[in-house]
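Colleague: I have a model open and would like to learn how to read it. Could we go through the features one by one?

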Amino acid sequence: QEAAQVGSARALLPGDMAFPSYREHGVAWCRGVDPVRELGSFRGINHAGWDPREHNLHLPTIVIGSQVLHATGYAMGVQRDGAEDAVIAYFGDGATSEGDVNEAFAWAAVQNAPIVFFCQNNQWAISEPTERQSRVPLYRRADGFGFPGVRVDGNDVLACLAVTARALDNARSG
């Protein structure tokens, strides 16, 4: 997942906000979080991790998919403030079956929120293969919500950079 994370995070502008799950160590690295500080919360050394405003990186969310709703709300705030920033929400393929994620997709699409949904699909949702959770490839689910879905090779850091940069530009421009 490192290429997908680093490529996508390098596409973010300084004012953009990222909402990670618990695996986005590469995104944290790209946003300037000290790895010792990041891993401290996993070891129980610190309780919060870092200041989200300092790095424009929300704290990791352990509950699968809940950060996608938080990111959508944040993106709607960005929109209402008239800012030109974008938001990105990271999640795994299993989260696409969570109600929170589907609610976030529907609400973001209806509100035309400046958000990019970044699904890191490793072909498994916890212990179930993707074909047992979806009849179509996951990126095609976006069509049903009214926003574009793009499939990119997550092992190609430059492809992830290019696709994410374009998606963020599209989000910023409405």
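Predicted model: local features only at pLDDT ≥ 70, side-chain atom pairs only at ≥ 80, totals over all residues.

Colleague: Which residues of the largest nonpolar core touch the most other members?

Modeller: Phe117 is one of them, together with Val68, Val87 and Ile115; the core has 20 residues. At least two residues each come from strand E1 (17-19), helix H5 (66-81), strand E2 (87-92), helix H6 (99-111) and strand E3 (115-120). H5 gives the most, with five residues. Another core, of 19 residues, lies apart from this one, and includes Ala4, Leu12, Val33 and Ile88.

Colleague: In what order do the three strands stand in the sheet?

Modeller: The order is E1-E2-E3, in an open sheet with parallel pairing. On average, neighbouring strands are turned by 20 degrees against each other, with direction ignored.

Colleague: How many bridges pair E2 and E3?

Modeller: Six bridges, in the parallel sense. To find one on the screen, take Ile88: its bridge partner in E3 is Val116.

Colleague: How should I think about the side chains along a strand?

Modeller: In a regular strand the side chains alternate between the two faces of the sheet. As for cover, five of the six residues of E3 are buried, which leaves this strand mostly covered.

Colleague: How does the chain get from E2 to E3?

Modeller: The chain goes through H6, and the β-α-β crossover is right-handed.

Colleague: Which strands does helix H1 touch where it packs on the sheet?

Modeller: H1, residues 2-9, touches E2 and E3, and its direction makes about 165 degrees with that of E3. The buried residues of H1 are Ala4, Gln5, Gly7, Ser8 and Ala9. They pack against E2 and E3, and also against helix H2 (25-30) and helix H8 (157-172).

Colleague: Next, cysteines. How many disulfides does the structure hold?

Modeller: The general idea comes before the count. A disulfide is a covalent bond between the sulfur atoms of two cysteines. The structure holds zero disulfides. For Cys30, the nearest cysteine sulfur is that of Cys160, 12 Å away. The cut-off for a disulfide is a pair of sulfur atoms within 2.5 Å. Cys160 is likewise in no disulfide, and the nearest cysteine sulfur to it is that of Cys30.

Colleague: Is Cys30 buried or exposed?

Modeller: Cys30 is buried, with a relative accessible area of 14%. Cys160 is buried too, at 1% relative accessibility. The cut-off for buried is under 20% relative accessible area.

Colleague: What is there to see in the backbone at Asn56?

Modeller: Phi of Asn56 is near 50 degrees, which is a positive value in a residue other than glycine. Asn56 sits in the loop between helix H4 (52-55) and H5. With a relative accessible area of 6%, Asn56 is buried.

Colleague: And what is the phi of Asn112?

Modeller: Phi of Asn112 is near 55 degrees, again a positive value in a residue other than glycine. The loop that holds Asn112 runs between H6 and E3. Asn112 counts as partly exposed, at 44% relative accessibility.

Colleague: Back to H5. What is Ser66 in contact with?

Modeller: Ser66 belongs to helix H5. Leaving aside neighbours within four places in sequence, Ser66 is in contact with Thr61 and Asp100. Its relative accessibility is 12%, so Ser66 counts as buried.

Colleague: Is Gly77 buried or partly exposed?

Modeller: Gly77, also found in helix H5, is partly exposed, with a relative accessible area of 28%.

Colleague: How far is the C-alpha atom of Gly77 from that of Pro114?

Modeller: The two C-alpha atoms are separated by 9.6 Å, while Gly77 and Pro114 are 37 residues apart along the chain.

Technical notes: Residues numbered from 1 in each chain as written. Heavy atoms only, no water. Core = buried A, V, L, I, M, F, W, Y, C linked by side-chain atoms within 4.5 Å. Buried < 20%, exposed > 50% of the residue type's maximum accessible area, 1.4 Å probe, protein only. Helix = DSSP H or I, 4+ residues; strand = E, 2+ residues; numbered from the N terminus. Pairing = 2+ DSSP bridges. Axes fitted to C-alpha atoms, helices over the stretch in contact; angles between N-to-C directions. Contact = heavy atoms within 4.5 Å. Right-handed = clockwise from strand over helix to strand, strands pointing away.
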